[in-house]
Amino acid sequence: MKIFLDTANISAIKMYNDMGLVDGITTNPSLMAKEGGDPQKVMEEIVQIIKGDVSLEVLSLETSGMLEEGRRLRKYGNNVVVKCPLTPEGLKACKILTSENIPVNVTLCFSVNQAILAAKAGAKYVSPFIGRLDDNGQDGMNLIREMHQVFENYKFSTQILVASVRHPMHVVEAAKIGADVVTLPPDVLGKMLKHPLTDVGLKNFLADWEKLKKENPNIK
Ligand code: E4P
């Protein structure tokens with residue numbers, strides 16, 4: 001399972017990338033707005049830092065605008081994946097960009113039917129938003145389960161990119177199902193990393209070593 005970070009925050013991206021944990025990045029207009037500054041510079045910087053796929057989202061609602069934006073975004077680097085919405089116009093843009101060898105992440109997917117159509121349009125990734133489904137009183141993880149079964153049945157090459165992840169158990173469940181990618185807000189990745197027994201264990205190891213050093217002042 002690949003781990004993407006769902007953020008445009010450069011320091012979080014650098015921090016987790018330095019640990020070797022980041023296979024790619026997903027951004028969206030809200031995440032860009034959260035960081036402020038010049039979004040084009042931020043996008044260019046992310047594309048430089050990360051070797052893996054970086055999803056950058058188009059803002060147009062019409063295919064022609066999406067194509068123009070997508071081709072421009074792709075100039076930032078060969079690792080740019082153009083994020084198009086799961087609309088008729090977005091799927092048309094997906095088909096055309098894919099035919100030009102520009103990979104597409106079809107975003108805002110909320111049903112298996114939509115996911116099938118994204119795969120048929122040639123998307124490299126389709127992004128089901130599980131947290132927003134949960135917020136809406138639906139079972140987000142069940143969508144991942146059903147999508148995985150259908151994609152396996154037909155050996156679709158489109159990758160399931162689990163998005164709108166809210167907590168570490170979402171990650172565990174998505175991994176058990178066999179999702180291709182999870183994209184995580186940095187705080188969820190931080191929570192995955194931490195365990196109180198790790199902290200206690202380390203503290204005790206160091207305390208015991210200090211005791212040993214007191215008994216044997218010559219050891220380093
Ligand atoms: C996916 O690519 C989106 O950026 C993201 O996961 C949206 O999540 P949210 O529901 O937390 O805004």
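1. Strands are DSSP runs of E with at least two residues, and helices are runs of H or I with at least four residues, both numbered from the N terminus. By that rule L108 belongs to strand 5, which covers residues 104-109.

2. This is a predicted model, in which local features need pLDDT of at least 70 and side-chain atom pairs count only at pLDDT 80 or more, while totals for chains, interfaces and linings use all residues. Residues are numbered from 1 along each chain as its sequence is written, and side-chain values use heavy atoms, with hydrogens and water left out.

3. The phi angle of L108 is near 65°, a positive value in a residue other than glycine. L108 is partly exposed, with a relative accessible area of 33% (partly exposed lies between buried, under 20%, and exposed, over 50%, with a 1.4 Å probe and protein chains only).

4. K155, which is not a glycine either, has a positive phi of about 50°. K155 is found in the loop between helix 8 (140-154) and strand 7 (159-162), and K155 is exposed, with a relative accessible area of 63%.

5. Where do side chains meet oxygen atoms of the ligand? A polar side-chain atom of D6 lies 2.7 Å from a ligand oxygen atom, an N or O atom in the side chain of N28 is 2.7 Å from one, and an N or O atom in the side chain of K83 is 2.6 Å from one.

Terms used:
A polar contact is a pair of N or O atoms within 3.5 Å; within protein, one must be able to donate a hydrogen and the other to accept it, and residues adjacent in sequence count only if both atoms are side-chain atoms.
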